[in-house]
Amino acid sequence: MKIGIVGCGFVADYYMLTLANHPALELVGAYDRDPAARERFGRFFGVPMFDSLEALLAAPGLECVLNLTNPSSHYAVSRTALLSGCHVYSEKPLAMRVEDAEDLVRLAKERDLLLAAAPCSYLGEAAQALGRAIEAGRVGKVRLVYAEMEDGMVFRENHRDWKAPSGAPWPARDEFAVGATLEHAGYYLSWLCAFFGPVTEMTAFAARCFDDKGTGQAPGELANDLSVSCLRFASGVVARLSCGLAAPKDRSLHVIGTDGILSLSEAWDYASPIYERDVMGHWQSRPKILGKIVRRVERGLPLRHWFGRRLTYERGEAKVPGTSSRMDFARGPAALARAAAAGEPLDFGADFALHITELALVAQNAETYQMPYRPRSSFAWPAASASAGAQALQDGKGGDRVGERHDVAAGQAAV
Ligand SMILES: NC(=O)c1ccc[n+]([C@@H]2O[C@H](COP(=O)([O-])OP(=O)(O)OC[C@H]3O[C@@H](n4cnc5c(N)ncnc54)[C@H](O)[C@@H]3O)[C@@H](O)[C@H]2O)c1
């Protein structure tokens, strides 16, 4: 599929670094409204650069736009791309207003175009392995999930020195203005919705805990830097998701079932360890004495989350950035390209992206919504191909090949 990139900042490097994992994606060129970014990106990656969005959209054969602009530009850029007849894969969120995200979904459907949004980390090996373990009943019936997206005080770190390989600076001001929840909630929201279905009800709380982020921005220019959301999913599972820029860094996930707990260490690592623990959160060692020793050690060390039997799963071969974001960013656009080539809808396409966007917007700006909040968006679940995926797993054909779509939602209706 011929793709064009709009927005050549920090995250665009991550897409460029992972594009080679997906030979079906052919980059036609890129555009950024900032001439300096255009020059830097074109020079570093040797990519043809266009002088305007219109010029890029007019490139012969262009089929899909990767919208990697700042969130405030997502709606306008995606809308223009859809109107020009291109499929769109957008960075998160789809738009900064639910109404705008709905408009994009309507436009895409009217024009029979595919629309999807990052994050695509539910396609990562760790998320897929976790989904299969849940599906296989490894912890019995799932009742509750605790999901942490705590980034620590990044505003106290030396983020002015953070640069992508091309030299693009980390956009601190934009990150703090958009908010940690809109930036990060989508990671676990997309996993949980893929596993447990759409959210039917949520109660969220959000606050701005730090008025000075060291960027010279007035407090009114800064978004809430903490949110806690309690979510009820269509399957009946409930979850608590916290997103913040203050509590110590923690991007773990704990899936609590009737017979045990699955704990994943790091949302942003496609090869994250996953541990199986008993219902009390302990490692169940076959020789019981070992479990007792570990429990004694745990009392004195802050390690209790991480003791458990390590779940084995096949690691992918995809190249990922050697940063804290060890994810194959181009896997989402590649899934879209496969669906477009097959003339099929995307399992986690426009409706899914709209739902995740709505949930993240409500969590980010919780004080402006009446709680409990019932989302107006939803998506078909389990995904159409989920039953086929489940069948393949039952038949023993389910493998973990890089770039291959796995169906984590299968079977969850029974949870
Ligand atoms: N920074 C990260 O680590 C990171 C990680 C994952 C996802 N993201 C997401 O990626 C997106 C971009 O973030 P970023 O960190 O690359 O920001 P950035 O500011 O570094 O880059 C965005 C680029 O888009 C350009 N741009 C903005 N509006 C435009 C428009 N209308 N037309 C053309 N170009 C336009 C800007 O000039 C800038 O060069 C955001 O949605 C963010 O949530 C960022």
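Helices α4 and α5 pack at an angle of about 10°, with their axes 10 Å apart. Axes are lines fitted to C-alpha atoms, for helices over the stretch in contact, and angles run from 0 to 180 degrees between N-to-C directions. α4 and α5 are therefore roughly parallel to each other; angles under 35 degrees count as roughly parallel, over 145 as roughly antiparallel, 65 to 115 as roughly perpendicular and the rest as oblique. This is a predicted model: local features need pLDDT of at least 70, side-chain atom pairs count only at pLDDT 80 or more, and totals for chains, interfaces and linings use all residues. Residue numbers start from 1 along each chain as its sequence is written.

**Helix packing**
- Helices (H or I, at least four residues) and strands (E, at least two) are DSSP runs, numbered from the N terminus.
- α4 contributes Y75, S78, R79 and L82 to its contact with α5, and α5 contributes D100, L104, L107 and A108. Contact requires C-beta atoms, placed from the backbone, within 7 Å.
- By class, this contact of α4 with α5 has five nonpolar, one polar and two charged residues. Ala, Val, Leu, Ile, Met, Phe, Trp, Tyr, Cys and Pro count as nonpolar, Asp, Glu, Lys and Arg as charged, and the others, Gly among them, as polar.
- α5 (residues 98–110) also meets α11 (residues 350–364): their axes come within 10 Å and cross at roughly 180°. That makes α5 roughly antiparallel to α11.
- On the α5 side the contact uses V98, A101, E102, V105, A108 and K109; on the α11 side, A350, D351, L354, T357, E358 and L361.
- The contact of α5 with α11 divides into seven nonpolar, one polar and four charged residues.

**Ligand shell**
- There are 27 residues around the ligand, and G7, G9, V11, S73 and P171 come nearest. A residue is near if its C-beta atom, placed from the backbone, lies within 6 Å.
- α1 (10–19) and α4 (71–83) each supply at least two residues of this shell.
- The shell holds 14 nonpolar, six polar and seven charged residues.

**Helix α10**
- Buried residues of α10 are R331, G332, P333, A334, A335, L336, A337 and A339. Buried means 20 or more other C-beta atoms within 10 Å of a residue's own, exposed 12 or fewer, and partly exposed in between, with C-beta atoms placed from the backbone.
- The buried residues of α10 pack against β1 (2–6), β3 (64–67), β4 (87–90) and β5 (115–117).
- Just after α10, G343 takes a positive phi of about 65°.

**A271**
- A271 lies in the loop between β11 (261–264) and β12 (274–277).
- A271 is partly exposed, with 15 other C-beta atoms within 10 Å.

Methods: Two residues are in contact if their C-beta atoms, placed from the backbone, lie within 7 Å.
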